[in-house]
Amino acid sequence: MQPRTRVGLIVGVIGLVLNVCVSGAVGLCGPFVSLLAGAVAGFFAAQQEKLATKGDGARAGATAGAIAGGLIIIGQLIGGVAALFLLQNTGAQLPFGQIPSAADGATSQIIFYLSGAGTALCFGVVGAALAAAAGAGAGYLGTNEQAAPPSFNTPS
């Protein structure tokens with residue numbers, strides 16, 4: 001397995017667990033977790049692969065960041081739906097809108113959870129794009145360009 005894939009999966013699983021907690025508490029902060037995880041994954045992927053050019057480091061970082069961001073989308077969805085479930089079961093009052101009670105019809109329940117999952121997915125996709133971009137930037141910065149070896153062309 002390539003280091004960029006391995007690092008992306010490791011950082012992605014850690015980010016998934018962290019993002020369940022973060023997005024469950026404050027859903028807007030989920031993309032920031034993705035941004036940070038993508039940068040970490042991109043930097044470590046570039047460091048482990050020891051690539052020759054900064055462009056190769058950026059590609060490796062973007063791949064690792066995108067893998068991590070893809071996993072973090074799952075954490076965003078779990079955290080978002082869990083927050084809706086907790087809000088509904090605690091009887092919390094919102095400053096806007098209304099949370100359907102368990103006694104309300106199935107249609108209102110489905111709309112409530114699907115709209116929440118859709119919002120979480122939207123934040124997750126934004127986070128994944130940020131993770132890939134941060135991974136590319138960190139991979140670029142984390143790559144030490146190596147000088148090309150001198151060529152000794154002898155005239156004939």
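Where is Val 126 found? In this model, which is a predicted one, Val 126 is found in helix 4, and with a relative accessible area of 41% it counts as partly exposed.

In general, two packed helices are described by the angle between their axes and the distance between the axes. Here the axes of helix 1, residues 3–25, and helix 2 come within 9 Å and cross at roughly 160°, and the two helices are therefore roughly antiparallel to each other. The crossing of this pair is right-handed.

Now to the charged side chains. Side chains of opposite charge can pair when their charged atoms come close, and a search of the whole structure finds 2 salt bridges. One of them joins Arg 4 and Glu 49, with the closest N and O atoms 2.7 Å apart; because Arg 4 lies in helix 1 and Glu 49 in helix 2, this pair ties together parts that are 45 residues apart in sequence. Arg 4 counts as buried, at 16% relative accessibility, and Glu 49 is buried as well, with a relative accessible area of 18%.

The side chains of Arg 59 and Asp 56 also meet in a salt bridge, at 2.5 Å from N to O, and here both residues lie in helix 3, 3 residues apart, which is about one turn of the helix. Arg 59 counts as exposed, at 51% relative accessibility, whereas Asp 56 is partly exposed, with a relative accessible area of 28%.

Two further residues deserve a look on the screen. Lys 50, in the loop between helix 2 and helix 3, has a phi near 50°, a positive value in a residue other than glycine, and at 63% relative accessibility Lys 50 counts as exposed. Gly 142, in the segment after helix 4, is by contrast buried, with a relative accessible area of 4%; the C-alpha atoms of Gly 142 and Leu 9 are separated by 19 Å, the two residues being 133 residues apart along the chain.

Methods:
Residues are numbered from 1 along each chain as its sequence is written. This is a predicted model: local features need pLDDT of at least 70, side-chain atom pairs count only at pLDDT 80 or more; totals for chains, interfaces and linings use all residues. Side-chain values use heavy atoms; hydrogens and water are left out. Helices (H or I, at least four residues) and strands (E, at least two) are DSSP runs, numbered from the N terminus. Buried means under 20% relative accessible area, exposed over 50%, partly exposed in between (1.4 Å probe, protein chains only). Axes are lines fitted to C-alpha atoms, for helices over the stretch in contact, and angles run from 0 to 180 degrees between N-to-C directions. Angles under 35 degrees count as roughly parallel, over 145 as roughly antiparallel, 65 to 115 as roughly perpendicular and the rest as oblique. A crossing is left-handed if the near helix is turned anticlockwise from the far one by less than a right angle, and right-handed if clockwise. A salt bridge is a side-chain nitrogen of Lys or Arg within 4 Å of a carboxyl oxygen of Asp or Glu.
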